[in-house]
Amino acid sequence: MVDGFDEAGIRAAERRLEASLSSDDPTAWVYDYTEDAVFDAGHTVEGRAALLDMARGMHGLSDVSIRALRTEGSERLATVWCEASWTSGTPAVRTDVRGILVWRKESDGFWRVLMEHIA
């Protein structure tokens, strides 16, 4: 831990997000994002309510993997440059992306995604 930043907490949050994204509940992952989260993947979705609407229209995901390439953080904010992959749809299609996740440690002690950009 450096300057109050515990990288192990981010790794645990990533594993929690992977499990939520792979859940049978297509909206489970939304609660791993902050109320004011921004998701950007060519189009921008802002706020948890909009994320819930987006999640309800998504195909289920499986084999979700988030692999950190670089992590920088402080006591309450962290940025992770990453590669991610998942399988979805019928027929099943594998998707591989690179992205940036900005995490914020919330008042309940949980790290949640504040901003996600994937390309």
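# Strands, a pocket and ring pairs in a predicted model

Strands β5 and β6 pair in the antiparallel sense, over seven bridges. The model is a predicted one. Within this pairing, R104 stands opposite R112 in β6. The two strands form a hairpin with five residues between them. There, G109 takes a positive phi near 90°.

Strand β5 also pairs with β4. This pairing is antiparallel too, and it runs over twelve bridges. S85 stands opposite D96 in β5. β4 and β5 form a hairpin as well, with four residues between them. In its turn, G89 has a positive phi of about 85°.

The loop between β4 and β5 holds P91. A cis peptide bond joins T90 and P91, with omega at about 0°.

D63 lies in strand β3. Is D63 buried or exposed? At 53% relative accessibility, D63 counts as exposed, because the cut-off for that class is over 50%.

## The largest pocket

The largest pocket has about 380 Å³ of space. It is lined by 21 residues. Those closest to its centre are L21, F39, W86, E116 and I118.

Which parts of the chain build this lining? Helix α1 (7-21) supplies at least two residues. So does each of the strands β1 (33-40), β3 (61-73), β4 (77-88), β5 (93-105) and β6 (111-118). β5 gives the most, with four residues. By type, the lining divides into 17 nonpolar residues, three polar and one charged.

## Aromatic rings

How many aromatic pairs does a search of the whole structure find? It finds two. The table sets them side by side.

| Pair | Distance between ring centres | Angle between planes | Arrangement |
|---|---|---|---|
| F5 and W111 | 6.2 Å | 90° | edge-to-face |
| W29 and Y33 | 5.2 Å | 80° | edge-to-face |

Why is the pair of F5 and W111 called edge-to-face? Its planes stand at 90°, and planes over 60 degrees apart count as edge-to-face. F5 lies in the segment before α1, and W111 lies in strand β6. The pair therefore ties together parts that are 106 residues apart in sequence. Both F5 and W111 are buried.

The planes of W29 and Y33 stand at 80°, so this pair is edge-to-face as well. W29 is buried, with a relative accessible area of 3%. Y33 counts as buried too, at 2% relative accessibility. Each value falls in the buried class because that class means under 20%.

The charged end of R70 sits over the ring of W81. It lies 5.2 Å from the centre of that ring.

## Two histidines

H117 lies in strand β6. At 32% relative accessibility, H117 counts as partly exposed. Where does H43 stand relative to H117? In sequence, H117 and H43 are 74 residues apart. In space, they are 9.9 Å apart, C-alpha to C-alpha.

How values were computed. Residues numbered from 1 in each chain as written. Predicted model: local features only at pLDDT ≥ 70, side-chain atom pairs only at ≥ 80, totals over all residues. Heavy atoms only, no water. 1 Å grid on protein atoms, 1.4 Å probe; cavity = no way out; pocket = protein on both sides within 12 Å on 5 of 7 lines; lining within 4 Å. Points joined across faces, edges and corners; volume = space filled by probe spheres on them. Nonpolar A, V, L, I, M, F, W, Y, C, P; charged D, E, K, R; others polar. Phe/Tyr/Trp six-rings, centres within 6.5 Å; stacked < 30°, edge-to-face > 60°. Buried < 20%, exposed > 50% of the residue type's maximum accessible area, 1.4 Å probe, protein only. Lys NZ or Arg CZ within 6 Å of the ring centre and 35° of its normal. Pairing = 2+ DSSP bridges.
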